[in-house]
Amino acid sequence: GSPQKQFSIVDLGCGGGDILKLVANWGARNHFAFTLTGIDANPNITSFAEKNTTGYKNITYQALNIFSNEFKYLSFDIALATLFTHHFDDDQLVELIKSLTKQVNIGIVINDIHRHWFAFHSIRWISHFFSKSAMLKFDAPLSVLRAFNKKELESILKRADIAGYSLQWKWAFRWQLIIKA
């Protein structure tokens with residue numbers, strides 16, 4: 001067989017570890033030796049994620065605030081952030097992106113919500129009719145309101161002194177932002 005390609009990947013705001021499982025499975029199928037780390041500020045979340053990814057020997061977790069010095073001293077090949085960055089204001093995002101560009105060797109992949117009137121109204125409608133969760137009915141539309149439009153993302157990237165990036169709109173009102181290190 002061909003030699004394994006080794007990369008370290010961090011998932012910021014890792015939640016239950018589902019993205020890390022997908023990455024681990026893809027890596028195994030494609031002969032990559034990934035070292036995967038999930039980061040979440042809430043130790044209850046990382047504890048749940050550990051249980052959720054039992055059996056994945058290459059996934060570990062750390063309960064860390066991404067704005068802490070302890071986190072800023074860590075380095076990885078690739079940083080992932082899925083449905084996470086809309087929780088922060090523009091200044092925090094500029095700080096985070098600036099920090100991450102110093103921490104990664106290859107790049108950063110951010111997938112997050114596109115703030116759009118249709119997404120806002122459809123998530124309100126869908127959560128109203130298809131969910132019994134009061135939290136989802138409140139949080140889902142709020143997340144859309146906190147999300148980004150293209151001009152805002154470009155402004156944040158400019159403030160963070162980022163020139164080399166790709167920003168693409170994806171199905172279901174998502175932005176995919178790839179920043180090269």
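Colleague: Which residues does Asn58 touch, not counting residues up to four places away in sequence?

Modeller: Contact here means heavy atoms within 4.5 Å, and by that rule Asn58 touches Ala24, Phe34, Thr35 and Leu36, once residues up to four places away in sequence are left out. Please keep in mind that this is a predicted model, in which local features need pLDDT of at least 70 and side-chain atom pairs count only at pLDDT 80 or more, while totals for chains, interfaces and linings use all residues. Residues are numbered from 1 along each chain as its sequence is written, and side-chain values use heavy atoms, with hydrogens and water left out.

Colleague: Where does Asn58 lie, and is Asn58 buried, partly exposed or exposed?

Modeller: Buried means under 20% relative accessible area and exposed means over 50%, with partly exposed in between, for a 1.4 Å probe and protein chains only. Asn58 has a relative accessible area of 27% and is therefore partly exposed; Asn58 lies in the loop between α2 (43-52) and β3 (59-63). The C-alpha atoms of Asn58 and Leu20 are separated by 9.6 Å, although the two residues are 38 apart along the chain.

Colleague: How many helices and strands does the protein have, and what pattern do they follow?

Modeller: Helices (H or I, at least four residues) and strands (E, at least two) are DSSP runs, numbered from the N terminus. In this protein they come to seven helices and seven strands, and along the sequence they follow the pattern β-α-β-α-β-α-β-α-β-α-α-α-β-β. Of the 181 residues, 40% are buried, and among contacts between residues at least 6 apart in sequence, 71% join residues at least 24 apart.

Colleague: How should I read the packing of α4 and α7, and at what angle do their axes cross?

Modeller: Two packed helices are described by the angle between their axes and the distance between the axes. Axes are lines fitted to C-alpha atoms, for helices over the stretch in contact, and angles run from 0 to 180 degrees between N-to-C directions. Here the axes of α4 (residues 90-103) and α7 (residues 150-159) come within 9 Å and cross at roughly 50°. Angles under 35 degrees count as roughly parallel, over 145 as roughly antiparallel, 65 to 115 as roughly perpendicular and the rest as oblique, and α4 and α7 are therefore oblique to each other.

Colleague: Which residues make that contact?

Modeller: On α4 they are Asp90, Asp91, Leu93, Val94, Ile97 and Lys98, and on α7 they are Ile156, Leu157 and Arg159. These divide into five nonpolar, no polar and four charged, where Ala, Val, Leu, Ile, Met, Phe, Trp, Tyr, Cys and Pro count as nonpolar, Asp, Glu, Lys and Arg as charged, and the others, Gly among them, as polar.

Colleague: What follows in the loop between α7 and β6, taking Asp161 and Ile162 in turn?

Modeller: Asp161, in the loop between α7 and β6 (165-170), has a positive phi of about 60° although it is not a glycine, and at 63% relative accessibility Asp161 counts as exposed. Ile162 lies in that loop between α7 and β6, but is buried, with a relative accessible area of 13%. Ile162 touches Ile97, Thr101, Leu157 and Ile179, not counting residues up to four places away in sequence, and the C-alpha atoms of Ile162 and Val94 are 9.7 Å apart, for a sequence separation of 68 residues.
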